[in-house]
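Let's take a friendly look at the aromatic rings of a protein. Have the sequence and the 3D view ready as you read.

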Amino acid sequence: MLKRYRLAAGLAATCGLLLAAPQANAEVEPGGWTAQSPSFTVQERGCGQVDGLTFTLTCGDTSGEQRGERRYATYTGGTHQFEGYFRISSMGGSRISLKQTFRDTSGNQGPYFLMAVENGGRLYSVEGGTTLSDAGTVGATVRVNTVNEVGKTHRTYINGSLVNTVASPSGSYYDKIGAYRTSSGNGPITVTWSNVKFWSK
């Protein structure tokens, strides 16, 4: 009987360790992914500032180009997944884009999918205004995954749940993260991203 208790205790301890251990691969869609490390450039315009993975708009201007972002390398074709966690530490403004999938196809360059946050925490798709989640409150850590199956669909997950699917035209794209004042938005805001990862297949 004592041996059974020791075995049960050992199994419980092992399960506890497995539950506590961070996932080596946290991608939200299964199978066949290859980790990527795309290069990036830093973009600062207006009152936008970038310090590592912390992005700040220091002003409340309602006009002009106000942004601090990382612009990752362009990809063409295939399926590409982004994953990252953001935490807003302060926000005096509203309607600030935090993550973009940008279309980079010759003759069709421009923002394709923009996820923005309103004061109060509503995350929404700038194109059409669809609400994605109310998880973007100050101090909360939010996990974001986007999966762009080029030529088919672009899918967005918030905290592991699928919240948006739109058509993805064929062509070239790149990912951006940071703080970007939308046409109807204004700062200030400070947001920090962490555990940013990329995969493709």
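Over the ring of which residue does the charged end of R71 sit? The charged end of R71 sits over the ring of Y174, 3.5 Å from the ring's centre. This is a predicted model, in which local features need pLDDT of at least 70 and side-chain atom pairs count only at pLDDT 80 or more, while totals for chains, interfaces and linings use all residues. Residues are numbered from 1 along each chain as its sequence is written, and side-chain values use heavy atoms, leaving out hydrogens and water.

**Charges over rings**
- Here, a charge sits over a ring if NZ of Lys or CZ of Arg is within 6 Å of the ring centre and within 35 degrees of the ring normal.
- R70 lies over the face of F40, 3.7 Å from the ring centre.

**Aromatic pairs**
- Rings of Phe, Tyr and Trp (its six-membered ring) pair if their centres lie within 6.5 Å; planes under 30 degrees apart count as stacked, over 60 as edge-to-face and the rest as tilted.
- By this rule there are eight aromatic pairs.
- One of them is Y75 with Y173, a stacked pair at 6.2 Å centre to centre, with 25 degrees between the planes.
- Y75 lies in strand β6 (residues 75-76) and Y173 in strand β15 (residues 172-186), so this pair ties together parts 98 residues apart in sequence; strands are DSSP runs (E, at least two residues), numbered from the N terminus.
- The ring centres of F82 and W193 are 5.7 Å apart and their planes are at 70 degrees, so this pair is edge-to-face.

**Burial and clustering**
- Y75 and Y173 are buried (under 20% relative accessible area, 1.4 Å probe, protein chains only).
- F82 and W193 are both buried too.
- F40, Y72, F82, F86, W193 and F198 form one aromatic cluster.

Methods
Helices (H or I, at least four residues) and strands (E, at least two) are DSSP runs, numbered from the N terminus. Buried means under 20% relative accessible area, exposed over 50%, partly exposed in between (1.4 Å probe, protein chains only).
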